[in-house]
Amino acid sequence: MISSRGEFERLVLPLQDDLYHAALALTRREADALDLVQEALLKAWKRASSFNRGDHLKAWLFTILRNTYLDVCRARRLEPVALDPAVDEAPAPVPTGEALPDDLLRSLRTLSPSHQLLLLLCDVEGLSYRQIAEVMGIPMGSVMSGLHHARGNLREKIPTPKSQ
């Protein structure tokens, strides 16, 4: 349970950038991603007393972000991006100005939103397969196969260094 505003800010606010990257993969637009994160953080604050210390904070926040995204899509009558990695979608933007090599950023930009989100949640945020399945609302087998395909696609797209 998060019982005070100070505790909420100390625990949750450092994760804003992580939430933004996931929101950008979902919304595909920077302004929409910022709005989504703000709305999700507001919902998290309102539900802070329901957070159990034994739960994984990032998984809890990413689940709120996903549910907020789906709520926004329903309210605006928009079709959400498919969170199932088996669905082939157009590439989503990757934030620029990151500490990643240009060739890696270009390669990430070619992946579908669900594949970008899978890689972000697993390889950057360190969530377990079970947590990712809960966050994305998909079976754990889809997480594992989606990660396999995302990593394979990324490997194919990253230029290999030329040997001398």
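Q: How many salt bridges does the count come to?
A: Seven salt bridges, where a salt bridge is a side-chain nitrogen of Lys or Arg within 4 Å of a carboxyl oxygen of Asp or Glu. This is a predicted model, in which local features need pLDDT of at least 70 and side-chain atom pairs count only at pLDDT 80 or more, while totals for chains, interfaces and linings use all residues. Residues are numbered from 1 along each chain as its sequence is written, and side-chain values use heavy atoms, with hydrogens and water left out.

Q: Start with Glu9. Which side chain does it meet in a salt bridge?
A: Arg5, at 2.9 Å from N to O. Glu9 and Arg5 are four residues apart in helix α1, so about one helical turn separates them. Helices here are DSSP runs (H or I, at least four residues), strands are runs of E of at least two, and both are numbered from the N terminus.

Q: Is Arg5 buried or exposed?
A: Arg5 is exposed, at 58% relative accessible area. The cut-offs are under 20% for buried and over 50% for exposed, with partly exposed in between (1.4 Å probe, protein chains only).

Q: And Lys58, which side chain does it meet in a salt bridge?
A: The side chain of Glu125, with 2.6 Å between N and O. This pair links distant parts of the chain, 67 residues apart: Lys58 is in helix α4 (residues 57-76), and Glu125 is in the loop between α6 (113-124) and α7 (129-136). Glu125 has 8% relative accessibility, so it counts as buried.

Q: What does Arg74 form a salt bridge with?
A: Asp71, the closest N and O atoms being 2.6 Å apart. Both residues lie in helix α4, three residues apart, about one turn of the helix. Arg74 counts as exposed at 57% relative accessibility, and Asp71 is partly exposed at 32%.

Q: New topic. How many aromatic pairs does the search find?
A: Two, from a search of the whole structure. Rings of Phe, Tyr and Trp (its six-membered ring) pair if their centres lie within 6.5 Å; planes under 30 degrees apart are stacked, over 60 edge-to-face, and the rest tilted. Phe8 and Trp45 form an edge-to-face pair, at 5.2 Å centre to centre and 65 degrees between the planes.

Q: Where do Phe8 and Trp45 lie?
A: Phe8 is in helix α1 (residues 5-12) and Trp45 in helix α3 (residues 30-46), so the pair ties together parts that are 37 residues apart in sequence. Phe8 is buried at 6% relative accessibility, whereas Trp45 is partly exposed at 37%.

Q: What about Phe51 and Trp60, which form a pair too?
A: That pair is tilted, at 5.0 Å centre to centre with 50 degrees between the planes. Phe51 is buried at 3% relative accessible area, and Trp60 also counts as buried, at 14%.

Q: Back up a bit. How many helices and strands does the chain have?
A: Eight helices and zero strands. Buried residues make up 45% of the 164 residues.

Q: What share of the contacts join residues at least 24 apart?
A: It is 62% of the contacts between residues at least 6 apart in sequence, where contact means heavy atoms within 4.5 Å.

Q: Which residues form a nonpolar patch on the surface?
A: Tyr129, Met140 and Met144, with about 250 Å² of accessible area together. Such areas come from the Shrake-Rupley method with a 1.4 Å probe, and for residues only the protein chains shown count as cover. Patches are made of residues with over 30% relative accessible area and no salt bridge; like charges are joined within 9 Å, and nonpolar side chains (Val, Leu, Ile, Met, Phe, Trp, Tyr) within 5 Å. Met144 lies in helix α8 (residues 140-157) and is partly exposed at 40%.

Q: Last one. What is the phi of Arg28?
A: Positive, about 70 degrees, although Arg28 is not a glycine. Most residues other than glycine have a negative phi. Arg28 is in the loop between α2 (16-27) and α3, and is partly exposed at 27%.

Q: And the phi of Arg77, what is that?
A: Also positive, about 55 degrees. Arg77 sits in the loop between α4 and α5 (102-109), and is exposed at 78%.
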